[in-house]
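Dear colleague,

Please find below the structure that I am handing over to you, followed by an account of what was found in it.

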Amino acid sequence: MLQFLLKRLALVIPAFFGVTLLTFALIHLIPGDPVLLMAGERGIAPERHEELRREMGLDRPMVIQYLHYIGGVFQGDLGKSLISKKPVMEEFLTLFPATIELSLCAMIFAVTIGLPAGILAAVRRGTVFDHSVMAVSLTGYSMPIFWWGLLLILLFSVQLGWTPVSGRISALYWVDTVTGFMLIDSLLSDEAGAFTSAVRHLILPSIVLGTIPLAVIARMTRSATLEVLREDYIRTARAKGLSPMRVIGLHALRNALIPVITVIGLQVGVLLAGAILTETIFAWPGVGKWLVESIGRRDYPAVQGGILLVATVVILVNLVVDILYGVINPRIRHTR
Amino acid sequence: MNKMLAAAAGLALSAIAVGAQGKTLVFCSEGSPEGFNPQLFTAGTTFDASSRQVYDGLVQFERGTTNIMPGLAESWTVSDDGLVYTFNLRKGVKFHSSEGFTPSRDFNADDVVFSFERQWKPDNPYHKVSGGTYEYFNGMSMPDLLKEIEKVDDYTVRFHLNRPEAPFIANLGMDFASILSAEYADAMLAAGTPEVIDLEPIGTGPFQFAAYQKDAVIRYQGFEDYWQGKPAIDKLVFSITPDASVRYAKLKAGECHVMPYPNPADLKAMADEADINLMQQEGLNVGYLAFNVEKKPFDNREVRQALNMAINKEAIIEAVFQGAGTVAKNPIPPTIWSYNEATVDYPYDPEKAKQMLADAGYPDGFETNIWAMPVQRPYNPNARRMAEMIQADWAKVGVKADIVTYEWGEYLKRSKDGEHDTVLLGWTGDNGDPDNFLAVLLGCDGVGGSNRARWCYQPFEDLIQQAKVVSDQAERTKLYEQAQLVFKEEAPWVTVAHSVVFKPIRKEVIDFRIDPFGGHPFYGVDLAE
């Protein structure tokens, strides 16, 4: 097991370097000068332009800039945003809880609906239920997030008035930031109703962000379960006279879960990518929106640092998933 | 009890309540501020969140106009040579307080001196704090203009200038000229946390900063001791909502009262909405096509006039602005004083244009290029489309134009260097002074800079230079009116459009006025019970 762990960890290091190099190269490849963009039509005197570029460290050769950046990363310093002049790490940490909160809720939504739907569809293969689950999940998978979000807002928030349109909590509550997680902060504040408001604000964005993972999970669960149900040991289990609940819940599910967990792990990346659109639609103050804005302003340190941190999270989650199915499936941890 | 009511309101769907907790006005702002010190930044979003609620200047603009009136300075006098401005400061003006700071004195001359010297003097202890680059202060040439700022006594400050400059007073009404508390700055410097003054602003303005959650919400409390009287609304909340369709949905659902920058496509529906009042006004901007007069054949006035006549502006406004724009005939927008109503624009007349081109020696037309901006701006929401329409219009008179575009930073730089034949660009005013358009965009000093036509015409230059040194507004108005006629006759630009700014607000909002500077100050606004 230890060897397995070390092997996985060793793979993380090149991935990490790849990410730093790739983001650095990509953001510097897009044409655009943050100083010129900041000045706009108003323009800026050439001397002042040079001075500002020097202050931002943009006058040095690319390689030096990269080495400087990597050097900082190893000391845990991601640099300062060119725009707000605040440390990138600090900006990231203020915004990241909002993204985690939303992603977690979206994931819970996707898993609690996707898993049972997939299993049921597999068990009742060929029935109307199966076909509808597959049709709905195919639609969900191909849903343009932006359009889907607006559609839900127009229906549930504007027409029916069931949920709020956007934001994390009603403007009525002045909740102080303690943990950055609105669900917790609203409970900690002594304002009655704040928690309910926070929950209500989470419903639509979670559904929108969770739609694609939900579709993927449902389809994956179905096909994995179908495969397992064809196995000899399932027939044996049935022949032994075990109840269908036990056959499916105990024997089938545990084995069907392996590919499903892989997919759930991979969906974390999808979630963070989807968060960019979802956060924009629902005015959700997370890292996705911040990254997009930073790219537009060519805020190099913010983009590099932000993507690096997000990538680190994705790498870590996948590492945990790898380890997890080592735990679930002994064959994986024993393979050399 | 209040909390119970609040909870009930929270549960009773999303509408925002007036009553239990006092009046709360919610503004669905379009983005996050870069910070809370207007000296450090240039974006309107930042000014909305800072100077326009929290701070005051020595002078201010009358609500909804570009007229200057006294602010923290009760009155001022200008010396005969136009070089010395003496300000008499208002007494009894209170600063806000915060958890970390309680002011011990009222506003006085030290605050004025500090606010300008921080931006001006590299040896000021605050000059480098928060990475200060003071783009606006520099952009308005304040370092060249200022000779000395002298504190005469606690309530008198004198500004000595290097040259007479009539628009100087208007500059003091701008956001970068907001007055910060010197006492607060000293206290934070002593505490070793000078950057706090840029994050937790303390001003003399109508709203006191309460809290900011990045990318989510900004909260303000009405300031009880405001020198012009306590604001009618008790709380002001900025609910940051970057997507225009979502802002509109929030406005409809009653989650906010005022929203900026609606989608042009939504305007019709907004006008029909019973709960929404759709306000509109011309923006403080101009979108233009500049001819590079240093290049042939644009050095020829007849050619420039002919090309003006060849363009169907009405069609462009219709297609590009979808109703959110008006045809421009002058280089300054109609909301600026001295706008010349008498100017006659070139009529759309392709036949005559063709004739004039032939007379000028181009019977078969010529080849040229049109530069189109890669970005959306208020004065030009779709430059590419505009360029295509101009291209088609010019083709009808025999002029073949290629459309050229670059990345925005590159575009600005290359057009500054004069690489273009003709270029689409525009300008949004800073201080509401005609000088800010005419001298910046068309003056001889601007060649190689913001004067994209590279047009330096002595009769015009004389008029605008003269208008800079006289301080009497009536006299300046005459000079600028004349300058606009000269400009039109010489035609260094095609003046294309002024945008129309739309501001959808909910019916319960009382006395909201569109700010010609494009800002959203909320003092003076009330909510119906």
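**The mixed sheet of chain B**

In chain B, four strands form an open sheet in the order S1-S10-S9-S8, with mixed pairing. Strands here are DSSP runs of E with at least two residues, helices are runs of H or I with at least four, and both are numbered from the N terminus; two strands pair if DSSP finds at least two bridges between them. S1 and S8 of chain B are the edges, and since each has a single partner strand, one side of each is left without a neighbour in the sheet. From one strand to the next the twist averages 20°, where axes are lines fitted to C-alpha atoms (for helices over the stretch in contact) and angles run from 0 to 180 degrees between N-to-C directions. S8(B) and strand S9 (residues 217–222) of chain B run antiparallel and are joined by six bridges. Gln213(B) stands opposite Val217(B) in S9(B).

**Basis and confidence**

This is a predicted model, in which local features need pLDDT of at least 70, side-chain atom pairs count only at pLDDT 80 or more, and totals for chains, interfaces and linings use all residues. Residues are numbered from 1 along each chain as its sequence is written, while chains are lettered from A and ligands numbered from 1 in the order in which they are written.

The predictor gives the complex an ipTM of 0.77 and a pTM of 0.83. For chain B the mean pLDDT (the predictor's confidence in each residue, from 0 to 100) is 91, and 96% of its residues reach 70 or more. Over residues 1–20 of chain B, however, pLDDT stays under 50, and the model has 40 contacts beyond four places in sequence for this stretch. A contact requires the C-beta atoms of two residues, placed from the backbone, to lie within 7 Å. Where pLDDT is low, the predicted coordinates should not be read in detail.

**The antiparallel sheet of chain B**

Another open sheet of four strands in chain B has the order S4-S5-S7-S6, with antiparallel pairing. Its edge strands are S4 (73–78) and S6 (146–153) of chain B, each of which pairs on one side only. Neighbouring strands in this sheet are turned by 20° against each other on average, direction ignored. S6(B) pairs with strand S7 (residues 156–161) of chain B in the antiparallel sense, over six bridges, and Glu148(B) stands opposite His160(B) in S7(B). Helix H3 (residues 109–120) of chain B packs on the sheet, where it touches strand S5 (84–89), S6 and S7 of chain B; the direction of H3(B) makes about 160° with that of S6(B).

**Chain A**

Chain A has 14 helices and zero strands. Its C-alpha trace spans about 85 × 55 × 40 Å along the principal axes. Of the 336 residues in chain A, 39% are buried; a residue is buried if 20 or more other C-beta atoms lie within 10 Å of its own, exposed if 12 or fewer, and partly exposed in between, with C-beta atoms placed from the backbone. Among contacts in chain A between residues at least 6 apart in sequence, 72% join residues at least 24 apart.

Leu250(A) belongs to helix H11 (residues 244–281) of chain A. Leu250(A) counts as exposed because it has 12 C-beta neighbours inside 10 Å.

**Core and buried helix**

The largest nonpolar core has 220 residues, and those with the most contacts inside it are Ile217(A), Leu58(B), Leu424(B) and Leu438(B). Such a core is a set of buried Ala, Val, Leu, Ile, Met, Phe, Trp, Tyr and Cys residues joined through C-beta atoms within 7 Å. Helix H9 (residues 194–229) of chain A gives the most to this core, with 18 residues. Not counting residues up to four places away in sequence, Ile217(A) touches residues including Ala110(A), Leu115(A), Val260(A) and Ile264(A).

Helix H16 (residues 435–442) of chain B is mostly covered, eight of its eight residues being buried; among them are Phe437(B), Leu438(B) and Val440(B). The buried residues of H16(B) pack against strands S12 (285–291) and S16 (422–428) and helices H17 (458–469) and H18 (473–490) of chain B.

**The contact between the chains**

Chain B gives 52 residues to the contact and chain A gives 43. On the side of chain B that touches chain A, H1(B) provides the largest share, seven residues.

With kind regards
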